[in-house]
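Today I'm looking up how two chains meet.

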Amino acid sequence: MAAVQETVDRVKSIDVSEYKYGFFSDIESEKAPKGLNEDIVRFISAKKNEPDWLTQWRLGAFRRWLTMAEPTWARVDFPKIDYQDLYYYSAPKTAAGPKSLDEVDPELLKVYAKLGIPLGEQEILAGVAPERRVAVDAVFDSVSVVTTFKDELAKAGVIFCPISEAVHTHPELVQKYLGSVVPTTDNYFATLNSAVFSDGSFVYIPPGVRCPMELSTYFRINEQNTGQFERTLIIADKGSYVSYLEGCTAPKRDENQLHAAVVELVTHEDAEIKYSTVQNWYPGDSEGKGGIFNFVTKRGDCRGARSKISWTQVETGSAITWKYPSCILRGDESRGEFYSIAISNGRQQVDSGTKMIHLGKNTTSRIISKGISAGKSQNTYRGQVSSHRKATGARNFTNCDSLLIGNSCGAHTVPYIESRNTSTQFEHEATTSKISDDQLFYCMQRGLSAEEATALIVNGFVRDVLQQLPMEFAVEAQKLIAISLEGSVG
Amino acid sequence: MLEIKNLTVSIDGRPILDDLNLTVRDGEVAAIMGPNGTGKSTLSYVIAGRKDYTVEAGEILLDGVDLLGLEPDVRAARGVFLAFQYPLEIPGVATMTFLKAALNAQRKQRGEEELSTPELMKRVKAGAEKLEIKPDMLKRALNVGFSGGEKKRMDILQMALLEPTLAILDETDSGLDIDALRVVAAGVNALRSPKRSFLIITHYQRLLDYIVPDTVHVMAKGRIAKTGGADLALELEKSGYRDYVADAA
């Protein structure tokens, strides 16, 4: 666990409550007029030169959205969002879509370099561990700016490109799968996303292919007053495998920013998708000013028998998090997993969890959730596990642990468990604990500072989940955890 | 050398230590005995820097430097070690990881190089063997699911590794069976050195049969009521503390 030391060094080297990714980049952009109506939806669709079916699909979603109301059941509290006071489209101004890295605006490349994300394939190839290459799709203000390693992936038959591009290059796949997991009518934010989504990643792994490298998307919000609506679609065909990583950051702003993404995963027979997220959107300042409103719908459909979907998430950012990555276990013997670390500090509010919907026979699922609350934050785990009448032999194991730091935060666990057949076995375990003064004193007596001691104890608490992350992400996540908890030790 | 001068300590306005004076020379093993509630554990916590107490007056000097006002981790790096009566559990943190983090934190504080992992492993393994700690315990989370005796041995292992100049043992014998007591005592005796002072806090003579002290202090009502040699402990075993409680009052 060498990263602990590194974590602590990193924490010490920056000021309390300093959000490292809070810079704003001055890059010329093209925007749609403020507000939302059918014309704006058509504008976005036209900008992407979309086929008519997709324009109609968006319009259908928009009309539906007009009839819906914001959900209020989550344990979060935020000022009313004026949906007419937002921009729904913003794109960095470039002549045409970049064909290679050389054509990408150097300012943009600088942004990603600042974030520590290498986009130059050469740089990556020259790295110390070339066998651990990661193909990156960089999404800047909802527009994909560059995707690396495309050629090499194409050789394996893997399609990894912006979804706006896939609409043109692989229309049959997009039309077949888009909205097939999260329908346009699903919920308020997903429906809004369906109407106005701008870009995101598209992945298709052909039958029997094990994707030769990790795929990754980095989302960066830059523009002010601009809603962010990414759409990600990943399809793993029969017997294929892919590991996908997602990272997010945003500038520090006094206003709240809306982020309403949709992620759809589909696995066919014997296929597996491992989806990892390190969410580090700007959380707002210690008084709760600013920060991202993160209303995200993520769902995976284990369509084929023996297929598997695994969600791993490390959530440290956002002022409000409303997010429940779920698995529909449709195929017999399919498996869903959810591993989560959700950290809240300052005045952050988290309402997050998962759903495991058991439909097929002998389906299994596992949920490991670690919530850490510090400062004046509120952290809620909300999860649903259900089995259909025909889902005989369904099994779930759920473990929800909450850790409290200090006396002004809250942790809440809200599990919903519904079993409709007698052969189901669902287990639920939950604990709530607090970092005790005794533990802190013990660690400090052995030479660790208060920050080092807290980082060590928290890292121990989240260990089960960290082990699920790909190596590089685990190290990143560990650092992020320490940074997020800064100033939480009194 | 530890010098405590005119130390007065209270908790929530209630006096616990009252103008206490105590000196432990380099290489000396001093035992502190006394009835329950006389402030023995408070003394150990105050030396180590626990925050629940209010120091009303006095000084705690370690090699001439006043420890009061320093954070517990700074005191640790200066050579203070406290073996706890009830060592804490740290779930999810492997014992070896904890040992490495603690040792390197102290070294860094003192401006020394970090110890390499192979060197650390070597030292830990050598220490563990002497204390009859099985190698697989080092991979387990610190003190989680350890027996009382295992926890105490783990604390002594940390003491051996951290090489303090002042080692305080707070009721280390509590909850130990005779075999575990022997192992722990042997571990402590092996660490006796001309440069290291020991402060051994105990209710009973029993521990002092195995760790023979140079001096014995009887503590009553928040101060040192009597000081003598190892034979004073034997005397106490016969007569009890009643006289001292009455004397001090």
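This is a predicted model: local features need pLDDT of at least 70, side-chain atom pairs count only at pLDDT 80 or more; totals for chains, interfaces and linings use all residues.

Entry one. I looked up polar contacts across the interface of chain B and chain A and got 12 residue pairs, both residues at pLDDT 80 or more. A polar contact is a pair of N or O atoms within 3.5 Å; within protein, one must be able to donate a hydrogen and the other to accept it, and residues adjacent in sequence count only if both atoms are side-chain atoms.

Residues are numbered from 1 along each chain as its sequence is written, chains are lettered from A and ligands numbered from 1 in the order written, and side-chain values use heavy atoms, leaving out hydrogens and water.

Entry two. Which residues on chain B's side touch chain A, by class?

I checked contacts (heavy atoms within 4.5 Å): 34 residues of chain B meet 21 of chain A.

I got 2 salt bridges between chain B and chain A (a side-chain nitrogen of Lys or Arg within 4 Å of a carboxyl oxygen of Asp or Glu). One salt bridge I looked up joins the side chains of Arg446(A) and Asp155(B), at 3.1 Å from N to O.
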